[in-house]
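Subject: Structure for your review

Dear colleague,

Please find below the structure that I am handing over to you. My notes on it follow directly after.

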Amino acid sequence: MKKMIVVALALLSGCMLRAQELGLSTNVADYIAGGTMNMEAAYAFARHWTLSAGVKYNPFSFGEGENTFRMRQRCVSAGARYWPWHIFSGWWLGTKLQYQEFNEGGIVSPSTSEGDRYGAGLSAGYSRMLGKHFNMDFGLGMWGGYTVYTTYSCPTCGRKVDQGRKMFVLPNDVILGINYIF
């Protein structure tokens, strides 16, 4: 009797596992733009829907003194994607909630800003199947929300130029992703 229960549970769990789909991805465009390490996990909970959770981390500064360029960040996000055809294949529309701690500047002028951003984003793209387990994602996204920030005149002097809170809208994602689908 115990063996039959174990076999039944094993078969039931095996059937449940086949119905679940999980994907792990990384965005190559983030590595190119300043070396931002990133990872996102997506879980398919319906034929047309996936839930995702992602992290981004960039501790790097390039250059020295007033010629420092930085896109430092720690970022977490959670969202969902709608797939009109089938999950992990074809066109998709996405939305997410996101928090970002940032320190960036030196691109156009020597001033730098640091602070926190809270917001929501929208994105759209296309996922191209490369094989049974590999996909390539292409997409664009924007996000907006609320930021608490401090701006300094240069990365090393510590002289405050501005400080405050405001609403923002920024490009968020240029997606050139590599996905592994389990």
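I begin with Tyr 180, which has a relative accessible area of 30% and is therefore partly exposed. Please bear in mind that this is a predicted model. The ring of Tyr 180 pairs with that of Phe 182.

Aromatic pairs

The structure contains 10 aromatic pairs. In one of them, Trp 49 and Tyr 82, the ring centres are separated by 5.1 Å and the planes lie at 55°, so this pair is classed as tilted. An angle between 30 and 60 degrees is what places a pair in that class. The two partners come from distant parts of the chain, 33 residues apart: Trp 49 belongs to strand 3 (residues 49–58), and Tyr 82 to strand 5 (residues 69–82). Trp 49 has a relative accessibility of 36% and so counts as partly exposed. Tyr 82, with a relative accessible area of 31%, is partly exposed as well.

A single aromatic cluster is formed by Phe 60, Phe 62 and Phe 69.

Charges over rings

Two further aromatic residues have a charged side chain over the ring. Arg 117 places its charged end over the ring of Phe 168, at 5.8 Å from the ring centre. Lys 166 is positioned over the face of Tyr 149, with 5.0 Å to the centre of that ring.

Surroundings of Ala 120

Ala 120 is part of strand 7 (residues 112–129). Its relative accessible area is 38%, which means that Ala 120 is partly exposed, as the value falls between the 20% and 50% limits. Leaving aside residues up to four places away in sequence, Ala 120 is in contact with Lys 96, Leu 97, Met 142, Trp 143 and Gly 144. For one of these, Lys 96, the C-alpha to C-alpha distance from Ala 120 is 5.5 Å, although the two residues are 24 apart in sequence.

Backbone at Phe 88

Phe 88 is located in the loop that runs between strand 5 and strand 6 (90–105). Its phi is near 60°, a positive value in a residue that is not glycine. In general, most residues other than glycine have a negative phi. The relative accessibility of Phe 88 is 8%, under the 20% limit, so this residue counts as buried.

With kind regards

Methods
Residues numbered from 1 in each chain as written. Predicted model: local features only at pLDDT ≥ 70, side-chain atom pairs only at ≥ 80, totals over all residues. Heavy atoms only, no water. Phe/Tyr/Trp six-rings, centres within 6.5 Å; stacked < 30°, edge-to-face > 60°. Helix = DSSP H or I, 4+ residues; strand = E, 2+ residues; numbered from the N terminus. Buried < 20%, exposed > 50% of the residue type's maximum accessible area, 1.4 Å probe, protein only. Lys NZ or Arg CZ within 6 Å of the ring centre and 35° of its normal. Contact = heavy atoms within 4.5 Å.
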